[in-house]
Every structure is written in structure tokens, then in C-alpha cells.
Amino acid sequence: MAKLGKRSVAARAAFEGKDNLSVEEAVKLIKSTASAKFDETLEIAMNLGVDPRHADQMVRGVVRLPNGTGKTVRVAVFARGAKADEAKEAGADIVGAEDLMEAIQGGKIDFDRCIATPDMMPIVGRLGKILGPRNLMPNPKVGTVTMDVKAAVEAAKGGEVQFKVEKAGVIHGGIGKVSFTEEKLAENVRAFVDAVTKAKPAGAKGTYVKKVSLSSTMGPGVALDLATTAAQ
């Protein structure tokens, strides 16, 4: 087993015996123990009572965090003509059509979000095996296949976070930077939990949200008291 560094040992000691904390208590603990040399991300993990192998139990959606993510998001847009101009004016980092498709096929994927107008989907569809596994495939259900390119780009740049349940029934997300105030992080936590809760699929049986945990990029995790995660 690899030997833990002094910072890891100290962080684990601070978390020892602490569980089922309120959102505020957990955020305070994580902020006080985050000691990496960079601004760590506050990460959330939600264990859901769903089996995503069944179509009626798939959970996916998007949430606009009230205080943003603190991350610079690079946006690529598949569009032509006026819509391409609209995307550029809205702040898109990469705009193209066949040329963008060829760049992606060549292995150049230097963006965090991909948006497309509906007429571009025959081209984008060829990239499913590349973009799909990276959760970058445009999808109308989360607003990334749209004619309102301006709004989609601005949302992506402004702190919008997409979420999708993994095979084990867990949703992960980055919901702010540890440098944010405790109040702003708590607001983001509740906004994310609220969005996932509202995305409960028709096929979900029994307890939907089983566990919610928070951690920093380099730190240990702590479970939340679910009663404190409701939007206030």
C-alpha cells in the first residue's frame, strides 16, 4: 500500500468519526482541510436507487448553479451561417461544421461542452463513439441541440452543469471551487441536489436518493444529512 503524505493523514484525521453532517458543516470541514497548491473543486456524489440499464430509470439533466462552477468552460458549436456567427458573438471558443468534425476525428478535442443546431446532427452523429463516452454528445434533453445557440453558449459559460447517472447508479459533479464562500458552496450543493431530485425517472422504485457525499479534489469524502440538502 502506498504511504500517505502528511496532508492526506491530517485530512483523514480531521474527517475521522464525522458523518451525516449538515451541508454547512460538511462545506466548512472541507474548506478547512483542503490544502492542495491549487484551488480544489468541491465535488458531489449522489448514490441513487436506480438501475440505468433500464431506459425508464435513466437519470440525466442539467442545472444552472447559482454561483457558477469557478471553471473556465471551453465551448464548441456545430453551426453554419448566421447561427455560426451567433455562436461566435456569444463567446463560443470553437465553431465549425465538417472541419470541426474532421478535427475531432483526428483526436483534437479541446473543449468541455459541445452544442449543435438540429440541422448539424447528421454530421455530429458520426462522432457518437468519440463524444458519447466523454459525455460531450449534444442532446436536446439537456439543451445542447438547439436553434437558440446564444442562450446555450451563455448557459455553458455561466455555470451550467450537466449530470448523467453512471452504471452503478451514481451521479458525480463538480459544483464550485473551495475558494468560494461557505454560503455560495452550500447554495450550489442544494441547487444540484434539487435538480437531480426533480429528474427522478418514472421507473425509480423505493428510495431514490440513498446517499449524498461531498469532497474536495484531493480530500476524503463526507456523507451529508439528507434532511439538510433540500432547497431553502
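What is the accessible surface of the protein, and what percentage of it belongs to carbon and sulfur atoms? The accessible surface comes to about 12,100 Å², of which 51% belongs to carbon and sulfur atoms; accessible areas come from the Shrake-Rupley method with a 1.4 Å probe, and for residues only the protein chains shown count as cover.

This is a predicted model, in which local features need pLDDT of at least 70 and side-chain atom pairs count only at pLDDT 80 or more, while totals for chains, interfaces and linings use all residues. Residues are numbered from 1 along each chain as its sequence is written, and side-chain values use heavy atoms, with hydrogens and water left out.

**Overall form**

The protein has eight helices and nine strands, taken as DSSP runs numbered from the N terminus (helices: H or I, at least four residues; strands: E, at least two).

| Property | Value |
|---|---|
| Span of the C-alpha trace along its principal axes | about 60 × 45 × 40 Å |
| Buried residues (under 20% relative accessible area, 1.4 Å probe, protein chains only) | 46% of the 232 residues |
| Contacts (heavy atoms within 4.5 Å) with a separation of 6 or more that join residues 24 or more positions apart | 73% |

**The three-stranded sheet**

An open sheet is formed by three strands in the order β4-β3-β5, with parallel pairing; two strands pair if DSSP finds at least two bridges between them. Strands β4 (94-96) and β5 (113-116) stand at the edges with a single partner strand each, so one side of each is left without a neighbour in the sheet. On average, neighbouring strands of this sheet are turned by 15° against each other, direction ignored. Strand β3 (residues 75-78) pairs with β5 in the parallel sense over four bridges, and Ala 76 stands opposite Cys 114 in β5. Helix α4 (residues 98-105) packs on the sheet, touching β3 and β4, and its direction makes about 130° with that of β3. Axes are lines fitted to C-alpha atoms, for helices over the stretch in contact, and angles run from 0 to 180 degrees between N-to-C directions.

**Thr 229**

Thr 229 lies in the segment after β9 (221-223) and is buried, with a relative accessible area of 7%. A polar atom of the Thr 229 side chain lies 2.7 Å from the backbone oxygen of Leu 226. Leaving aside neighbours within four places in sequence, Thr 229 is in contact with Val 23, Arg 190, Val 193 and Leu 224.

Conventions. Buried means under 20% relative accessible area, exposed over 50%, partly exposed in between (1.4 Å probe, protein chains only). A polar contact is a pair of N or O atoms within 3.5 Å; within protein, one must be able to donate a hydrogen and the other to accept it, and residues adjacent in sequence count only if both atoms are side-chain atoms.
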